[in-house]
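This briefing is meant for someone meeting the structure for the first time. Please keep the sequence and the 3D view at hand while reading.

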Amino acid sequence: MGGFLSFVKKETLHILRDSVTMLIALLMPVVQILLFGFAISTEVNNINVAVVVPHATEAVRKAVSRLEANPYFTFKGTLYGSQIDETLRSGRADAVVVFAADYDRRMAALAAGMPAEPPVQLIMDASNTNTATAGAGYLQSVLTEGMAGFSAPETHLLFNPQMKSAYNFVPGIMGLIFILICAILTSISIVREKETGTMEVLLVSPVRPIRIIFAKMIPYFALSCLNLASILLLARYVLEVPMSGSVGSIISVSLLYLVLALALGLFISTIANTQVTALLISAMLMLMPMIMLSGMVFPIENMPGILQAVSCIVPARWYIDAIRKLMIEGVPFADVLDDFLILVSMTVVLIGVALKKFNDRLE
Amino acid sequence: MKKTAIKVEALTKYYGKLTALDRVSFEVARGELFGLIGPDGAGKSTLFRLLTTLLVPDGGRATVDGADIVADYRTVRKRVGYMPGRFSLYPDLSVAENLAFFAALFGVKLQSNYDLIAPIYRQIEPFRERRAGKLSGGMKQKLALCCALIHRPSVLLLDEPTTGVDAVSRSEFWDMLAELKEKGISMLVSTPYMDEANRCDRIALCDRGRILGVDTPQGIVARFDEPLYALSGERMYELLSAARRSAGVRECYTFGETHHAIVDPGFDPDRFVRDLAEQGFRHIEIRPVVPGIEDVFMKWMRYE
Amino acid sequence: MNNPIISVKDLSKKFGDFTAVDRISFEVEKGEIFGFLGANGAGKTTAMRMLCGLSYPTSGSGTVAGFDVMREGERIKRRIGYMSQRFSLYDNLTVWENIRLYGGIYGLSRREILRRAVVVLNRLNFRSESRTLVGALPLGWKQKLAFSVATLHRPEVIFLDEPTGGVDPVTRRQFWELIYESAAGGTTVFVTTHYMDEAEYCSRVSIMVDGRIRALGKPAELKKQYAAQTMDEVFRTLARGAKRAE
């Protein structure tokens, strides 16, 4: 056992002394979480709105002041009808609200249930369709607010009523980060020994190489646990993800996923002979499908049948699914048992194949 | 205790179509320092990887310390110390950390075999906190040797330990091997430097997967059965082609500060010098010389 | 010396506190074979990089092929050739593709590359191998080819960094005959080696110890000066006193 501990120590030293890699491994989750949480969002936020008011009645002024007061809009002033095009083109405004000259009359007619022309026209810069759609929806709801008799269909958004994208991305990032750190770093550190020739010496020793390999995984497992902690804390306290489900369940599913990622790394290292190959296999064969097919970016239900089938073998799909349910829907562990069992069997198969493929000779 | 440390019989290894090792046979006696001398591509590293059980032969058999390299490969791994051709320590770990790791790898305590490595380790001990990657070429070799010896192997396999190392460090390294030999360790050492042959008890000259001959260095040299002359003078390069054109000269090639000429039995050195003088070469010196390992090697290569 | 092609005065290179090359001065005559010897870590590689225009000296001055090593590195690179044991040719290109590539790099026309390639392949007896992948050639052949490719653009100076490491003794000698031939044609050869018999083949050698040039002269003069039989002995006498390593 003393031998095993000294192997672990040696691996830990390798990680600690490669300060650049370690910094990346520890900072990457933080940066990604913050990046996805704040910068890349499909939420309505900071929409620049200008208005065209041909006839400023009391009702129109009220509507305009509602827009001015709303924190999600930045009010850019009033325009003449002829300036609309130029204002949108130059980007000074993302949306222009044009009030009809006979706004009061049209509103009154609508309120009385009579047919009438729409009292307000909305002109949007739709070069970014996501923000345009979300913004138009939100603008509409603000404008129709308090309009007597105006009956728009009512929509309820469950679990994520503000449509906050962070809720969606946190499980996705977790699925990605752990594969990156565990699988890529472990496979590279094993393959590096092949490349530098130290593997030759390790093989020509009485120790079963597999013990050395397991010793290698422990520090990376620890590193990933650190990341798990930092992601969960950031998600809870900075992005304010509700963590509706039990934290214990989230952690146990994540730990299982870490082991699976380590097994994946070991498997890659049995195929690759150089660090570059290991990196390419990890990045091209693992990472891309993981981003595309895990449901992190594109909903799986919208994929063609064949891709849905392929997505079943992507471990991140099941992990992200489980974490989404646990974190946002707050379901009990029993409801993610399917996902959990699938991940368990994937882990067992991967470890089995990797051990079988791992050679204690050079060919 | 077996009398043979290494026994190799008709060992053969292919890499695809290439024959890396072609029916190689030799024996290393217990306590012997045996040299494998040959250029890159001679199959030296392949032989080492077969003997260390990293590769499986395609033909023939071999034993190391009595254990078969295929059937009994776990036993072989316990008994050999191996230093691969490339620097194979962890550059980001310190000297002391590397040594501690290799001790753990072989499940031994550093202290228990300290007597064996002490003479070598003492030379690098002042740098024990330094990262192995920052050591000089010679120091790296010393550390690698310590790591290979840490479990007191009965047979030491050293693949080109002196390649790329300067002449002084090389000579120091051979001194260390001589000391280890005194302690009864059997050694198989490969080198591309022919001048290191004399540091071995016996040598095998090898080229392109074949063994050209096995003997003591003196025995190898004694097999050179043609008259050999050393030749020097002005304009050495022109002299080389002039000598090759001269009557009675079979071969002429550069050899350090002189040219070596293999000549026919009836060769007359005085006439040779006179002929060259007529061609304008002055101050030509010619004298018979004892051939070196390199002379033999080149002769055997040509007969291949 | 009246026509030096390499001329170096007090050239130094420091990395932080560490002086890798310490005020070296020497001259190399056109057509000379200059042996640049030294123990591991003596500073040979660093010095060679400065001469090739790959790294800036910290102080001192020098010219290679008439250009200043401090300011005209790019011009120097056009006029020199470089070959090392570690990197010379692309293993996954054929012999002919390698020749074409290097000819192209040095701006030779297609016709000229073809013409010189025929000369090179004939001289090396490689005509039948022009479509062989370089990776499939024996090391010795590869090194001979690498030398010919590195001199394809007829450089004024060719730098050879341990060109014969691990090469068999017969091919090693053939390699040196290529060097002699080049030198006889007026190319200056600047070569490092660990084989001390090769030091004897040089017109002059310098021996670096701890960043400084400790000995410089013809092999015969040095042997006389240090009362030694061979260059090997001269080298050992000087390098034994080395304080530092890489």
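What follows describes the chains and then some of their helices, strands and residues.

The model is a predicted one. Two pairs of chains touch, and of these the pair with the most contacts is that of chains A and B. Chain A and chain C, by contrast, do not touch, and their nearest C-alpha atoms lie 16 Å apart.

**Chain A: overall make-up and a helix pair**

- The secondary structure of chain A consists of 14 helices and four strands, and of its 363 residues 45% count as buried.
- When contacts in chain A are taken between residues at least 6 apart in sequence, 77% of them join residues that are at least 24 apart.
- Helix α10 (residues 247-271) of chain A packs with helix α13 (residues 315-329) of chain A at an angle of about 170°, and their axes are 10 Å apart. Because of that angle, α10(A) is roughly antiparallel to α13(A).
- On the side of α10(A), the contact is made by A:Ser249, A:Ile250, A:Val253, A:Ser254, A:Tyr257 and A:Leu260, which meet A:Pro315, A:Ala316, A:Tyr319, A:Ala322, A:Ile323, A:Leu326 and A:Met327 in α13(A).
- Sorted by class, the residues of the contact of α10(A) with α13(A) are eleven nonpolar and two polar, with no charged residue among them.

**Chain B: a helix pair**

- Helix α3 (residues 95-105) of chain B and helix α4 (residues 114-124) of chain B pack at an angle of about 155°, with 11 Å between their axes. The angle is over 145°, so α3(B) counts as roughly antiparallel to α4(B).
- Where the two helices meet, B:Val95, B:Ala96 and B:Leu99 of α3(B) make the contact with B:Ile117, B:Tyr121 and B:Ile124 of α4(B). The contact of α3(B) with α4(B) has six nonpolar residues, no polar ones and no charged ones.
- The crossing in which α3(B) passes α4(B) is right-handed.

- B:Thr63 belongs to strand β4 (residues 59-64) of chain B, and it counts as buried because its relative accessibility is 15%, which is under the 20% cut-off.
- Although B:Thr63 and B:Ile6 are 57 residues apart in sequence, their C-alpha atoms are 5.8 Å apart in space. Leaving aside residues up to four places away in sequence, B:Thr63 touches B:Ala5, B:Ile6, B:Lys7 and B:Asp68.
- Strand β1 (residues 4-15) of chain B pairs with β4(B) in the antiparallel sense over five bridges, and the bridge partner of B:Thr12 in β4(B) is B:Gly59.
- β4(B) is also joined by two bridges to strand β5 (residues 67-68) of chain B, and these two strands run antiparallel; here B:Val64 stands opposite B:Ala67 in β5(B).
- The hairpin of β4(B) and β5(B) has two residues between the strands, and in this hairpin B:Asp65 takes a positive phi near 50°.

**Chain B: strand β11 and its partners**

- Strand β11 (residues 228-232) of chain B has four of its five residues buried, so it is largely enclosed by the rest of the structure.
- Four bridges join β11(B) to strand β13 (residues 258-263) of chain B, with the two strands running antiparallel; B:Tyr229 has B:Ala261 as its bridge partner in β13(B).
- β11(B) also pairs with strand β14 (residues 285-288) of chain B, in the antiparallel sense and over four bridges, and in β14(B) the bridge partner of B:Ser232 is B:Glu285.

- Six strands of chain C form an open sheet with mixed pairing, in the order β6-β7-β8-β3-β9-β10. The edges are taken by β6 (80-84) and β10 (212-217) of chain C, each of which has a single partner strand, so one side of each is left without a neighbour in the sheet.
- From one strand to the next, the twist of this sheet averages 15°.
- Within the sheet, strand β3 (residues 33-38) of chain C and strand β8 (residues 188-192) of chain C pair in the parallel sense over three bridges, and C:Phe34 has C:Phe190 as its bridge partner in β8(C).
- Helix α6 (residues 169-184) of chain C packs on the sheet and touches β3, β6, β7 (157-161) and β8 of chain C, while the direction of α6 makes about 130° with that of β3(C).

Key: Residues numbered from 1 in each chain as written. Chains lettered and ligands numbered in written order. Predicted model: local features only at pLDDT ≥ 70, side-chain atom pairs only at ≥ 80, totals over all residues. Heavy atoms only, no water. Axes fitted to C-alpha atoms, helices over the stretch in contact; angles between N-to-C directions. Parallel < 35°, antiparallel > 145°, perpendicular 65-115°, else oblique. Left-handed = near helix turned anticlockwise from the far one by under 90°. Contact = heavy atoms within 4.5 Å. Nonpolar A, V, L, I, M, F, W, Y, C, P; charged D, E, K, R; others polar. Pairing = 2+ DSSP bridges. Buried < 20%, exposed > 50% of the residue type's maximum accessible area, 1.4 Å probe, protein only.
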